[in-house]
Amino acid sequence: MNLLFVLLCLSTIAVRNVRGKSKVRYFPDYFEFGASTASYQVEGAWDEDGKSLSIWDVAAHMSPSPIKDGSTGDVAADSYHLYKRDVEIMKELGLNFYRFSVSWSRILPSGFANQINQAGIDYYNNLINEMLANNIKPFLTIYHWDLPQSFQDLGGWANPMIVDWFVDYAKVLFENFGDRVKFWISINEPKQICTEGYGTDKKAPMVNMSGIADYMCNKNVLLAHAKTYRLYDEIYRKDQNGSVGISISCTWYEPASDSNDDQQAAEDARIFDWGQYVHAIFTKEGDFPERIKKNVAYKSAEQGYAKSRLPELSVAEVDLIRGSSDFFGLNSYTSKLVYRDASVEGMYAVPSYMDDLGVVMVPDPNWPQSHSSWLQEVPWGFYKLFKEIRNVYGNPTLYVTENGWSTDAGLIDDDRVRYYRNYLNALLDAIEEGSDIRGYTAWSMIDNFEWMQGYADKFGLYEVDFTSPERTRTPRKSAYIYKEIVRTKSLDPDYEPEILLDATKEN
Ligand code: NOJ
């Protein structure tokens, strides 16, 4: 009897151990973890210390307001004044790096590099030095959407002159911060800047000229990125020894059925949405993909335009852009199902990006829904994306520069925890199959101004109380879980943070 009992106990322990062991998954030693924010979304101090207006200051101050809750980024999370608290949070989370962006109009109030605002330089120096003093690497995004309004008045990203203005700005950053910053992102999300900011009114500067301004913008963004990369390569790399990449936002597009039409539709969606940038930078041929060139040329001719609405890249431009990245910065959140059938006819404005693409994209209603209408949890889509980047685009060295989930207010964010775990599991699957993924960045470290959604969609590992003058930051449950993932470089699905359990008991 006794012996049986002992044997039973031993076997239970053994099973537990095996299960326990097989459940915990480890990241490679070289893998690094970070979290991200962006200047307009967290800094506030919109008109302090010599900063001039950006296109987002202008948009948020329009009347009527285009922002869902009528809010602005005037104060946001007040990181301009609270940067030391932000660095404390980085420490609390145990981050290896922090991805933040610089506000162009804080550094160069006229937009041009002829006059540098020392107060702006001081702010970022303070932030960078505080991070380094705490052993956190700065991962600096040069441009995260807050274009100086003075340049928008001249056409912004649709004006080819922006390319050199951008490079002049980047040079100021390399000169001032390059001794300490070793990871650079030139531009965050070309697609969102151009297709949404110039093609629609969903993002500043709300130009809303789809099929024209968005394509003009794409070309200039790619050239600005490439010239910045070449500048770093030629002048700064030798002494500063850093890496320069670009963050491209990629959604996974899954065919809604096995039909050839839907397979083609999903491939077209991937090519139009992000493949065009990836193709231009990361493939041997470079240039915009043939599929886009053909589609837009065909539609343009049909619509009576003398030339394709898609600007061409010259041979020299193709060469400049091709290979212009030390790594692929991947921002990815979600997936969509795609189909193409007769209903597409007449569905979109003419001309427009969506009409050129000519597909329907919808989420599967069964996918878990976040607080943002566009964001559903589809971890296998994340996995398929890595696979595609590996197999179709030559397996570039990759950092996930953004990934995250939005909720309503509240500290117990179990769905965010589930999302992070599921997506990190998918990432580990991809690494095991050979994807060259070096790091992961959670979006976002703290709640912030979510563009047209204002403060309604909360992405933070830390909650920010936007009603308190102190903009108090409080860790959510996901912060404790992420901290443990970073500390152990592993994913343990059973880990429950003790501090939080105590806190919930008290409530
Ligand atoms: C992409 C953008 O880079 C970031 O600014 C935004 O807040 C997140 N995605 C979430 O929408």
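**Pockets and cysteines**

Helices α12 (290–302) and α14 each contribute at least two residues to the lining of the second largest pocket. The model is predicted. Its largest pocket has a volume of about 1,200 Å³, and a search of the whole structure finds one disulfide.

Second largest pocket
- The volume of the second largest pocket is about 290 Å³.
- Its lining consists of 16 residues, with Lys299, Val344, Glu345, Asp355 and Gly358 nearest the centre.
- Sorted by class, this lining holds eight charged, five nonpolar and three polar residues.

Largest pocket
- The largest pocket, with a volume of about 1,200 Å³, is lined by 46 residues, of which Gln192, Glu196, Lys202, Lys203 and Trp374 are the closest to its centre.
- Two or more lining residues come from each of α9, α14 (353–357) and β10 (360–362).
- Helix α9 gives the largest share of this lining, four residues.
- The lining of the largest pocket has 17 nonpolar, 17 polar and twelve charged residues.

Cysteines
- The disulfide joins Cys194 to Cys217, with an S to S distance of 2.0 Å.
- Cys194 lies in helix α9 (residues 190–196) and Cys217 in helix α10 (residues 213–240), so that the pair, 23 residues apart, links distant parts of the chain.
- The link of Cys194 and Cys217 is left-handed, with -70 degrees about the S-S bond.
- Cys194 counts as buried because its relative accessibility is 0%, and Cys217 is likewise buried at 0%.
- Cys250 is in no disulfide, and the nearest cysteine sulfur, that of Cys194, is 15 Å away.
- Cys250 is buried, with a relative accessible area of 1%.

Notes:
Residues are numbered from 1 along each chain as its sequence is written. This is a predicted model: local features need pLDDT of at least 70, side-chain atom pairs count only at pLDDT 80 or more; totals for chains, interfaces and linings use all residues. Side-chain values use heavy atoms; hydrogens and water are left out. A disulfide is a pair of cysteine sulfur atoms within 2.5 Å. Buried means under 20% relative accessible area, exposed over 50%, partly exposed in between (1.4 Å probe, protein chains only). On a 1 Å grid over the protein atoms alone, a cavity is a set of points where a 1.4 Å probe fits but cannot get out, and a pocket is an open set with protein on both sides within 12 Å along at least five of seven lines; lining residues have an atom within 4 Å of a point. Grid points are joined across faces, edges and corners, and a volume is the space filled by probe spheres set on the points. Ala, Val, Leu, Ile, Met, Phe, Trp, Tyr, Cys and Pro count as nonpolar, Asp, Glu, Lys and Arg as charged, and the others, Gly among them, as polar.
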